Amino acid sequence: MSYEFFTVNGEKENSNVIERSKFICNIKGVENEEEAKSFIETIRKRHSLANHNCYAYIADDKGLVQKFSDDGEPQGTAGLPMLEVLKNRRMFKTVAVVTRYFGGIKLGTGGLTRAYGGAVVDCLEVAKISKMCQSILVNISPDYEGYSRLLKLLNDQNIAVLSTDFNNVVDVKIAIKNDYYETFNKKLLDAFNGKINIEELGSGYYDFG
């Protein structure tokens, strides 16, 4: 069975103003907790004069390595609602930092919760999101005539083409979702009358858009 999660492709910033307070959300896809912490420090330095730099992250592919901070806001009104947005959307390997420049009007606990959680939601809406699926990585090497036959099989939502190298033969590296692997292997052998090799290179999570 294939397992999947989502992450941010690259980095994105978005801002809005609520009751004269400016909320700036910076969000990024990360590989591990160290990278998440480094990003948080980068944003803190960038906005060192801000009243608050609150954050939340889920730094692994299972949703287990997670942390949040209210950074001086009332407990549970900033980092936690930010984390809940990431959890509800299965945004793993993702870190979000929301910077607040206080505008003089207090929002109350409910207003703060909506503002910080909403800042992450709004930023995700404009960010480029990657769907990461647990897959088997393989290499297939047809000749040039066979390549056209292979292309028909690769036009499938369960397959991500990672690279194509044109040499003496065509080396095509693809990721196949776990639960589609046996089906694809059968289709491949049928299309080539059993005269094609599929080389397994490993497994992992790959971007399916």
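**Figure 1. Tyr3, at 24% relative accessibility, counts as partly exposed.** This is a predicted model, so read each close-up with that in mind.

**Figure 2. Aromatic pairs, starting with Tyr3.** There are eight aromatic pairs in the structure. One of them brings Tyr3 and Tyr205 together edge-to-face, with 6.1 Å centre to centre and 75° between the planes. Tyr3 comes from the segment before β1 (4-8) while Tyr205 belongs to strand β10 (residues 198-207), so this pair ties together parts that are 202 residues apart in sequence. Tyr205 has 18% relative accessibility and therefore counts as buried. Tyr55 and Tyr57 make a stacked pair instead, 6.0 Å centre to centre and 10° between the planes. Both Tyr55 and Tyr57 are buried.

**Figure 3. A ring cluster, and a lysine over a phenylalanine.** Which residues make up the cluster linked by ring pairs? They are Tyr3, Phe5, Phe92 and Tyr205. For another ring, look at Phe208: Lys177 lies over its face, at 5.2 Å from the ring centre.

**Figure 4. An open sheet of five strands.** Follow the strands across and you get β2-β3-β6-β4-β5, with antiparallel pairing. The edges belong to β2 (11-18) and β5 (66-69); each has a single partner strand, so one side of each is left without a neighbour in the sheet. From one strand to the next, the twist averages 15°. Within the sheet, β3 (residues 21-29) and β6 (residues 94-101) pair antiparallel over eight bridges. To get your bearings there, find Lys28, which stands opposite Val95 in β6.

**Figure 5. Helices α1 and α3 on the sheet strands.** Helix α1 (residues 33-46) lies across β2, β3, β4 (52-58) and β6, and runs at about 165° to β4. Helix α3 (residues 108-126) lies across β2, β3, β4 and β6 too, running at about 140° to β2. How far apart are the end C-alpha atoms of α3? They are 27 Å apart, which agrees with the 27 Å that its 19 residues should span at 1.5 Å a residue. The buried residues of α3 include Gly111, Leu112, Ala115, Tyr116, Ala119, Val120 and Cys123. An α-helix has 3.6 residues a turn, so residues three or four places apart point the same way.

**Figure 6. Ile43 in helix α1.** Is Ile43 buried or exposed? Its relative accessibility is 0%, so Ile43 counts as buried. Setting aside neighbours within four places in sequence, the residues in contact with Ile43 are Asn26, Asn53, Val97 and Thr99. Take Thr99: it is 56 residues from Ile43 along the chain, yet the C-alpha atoms of the two are separated by 8.3 Å.

**Figure 7. The β8-β9 hairpin.** Strands β8 (residues 159-166) and β9 (residues 170-177) run antiparallel and are joined by seven bridges. Three residues lie between the two strands of this hairpin. For a landmark, pick Ile159, which stands opposite Ile176 in β9.

How values were computed: Residues are numbered from 1 along each chain as its sequence is written. This is a predicted model: local features need pLDDT of at least 70, side-chain atom pairs count only at pLDDT 80 or more; totals for chains, interfaces and linings use all residues. Side-chain values use heavy atoms; hydrogens and water are left out. Rings of Phe, Tyr and Trp (its six-membered ring) pair if their centres lie within 6.5 Å; planes under 30 degrees apart count as stacked, over 60 as edge-to-face and the rest as tilted. Helices (H or I, at least four residues) and strands (E, at least two) are DSSP runs, numbered from the N terminus. Buried means under 20% relative accessible area, exposed over 50%, partly exposed in between (1.4 Å probe, protein chains only). A charge sits over a ring if NZ of Lys or CZ of Arg is within 6 Å of the ring centre and within 35 degrees of the ring normal. Two strands pair if DSSP finds at least two bridges between them. Axes are lines fitted to C-alpha atoms, for helices over the stretch in contact, and angles run from 0 to 180 degrees between N-to-C directions. Contact means heavy atoms within 4.5 Å. The expected span of a helix is 1.5 Å times one less than its number of residues.
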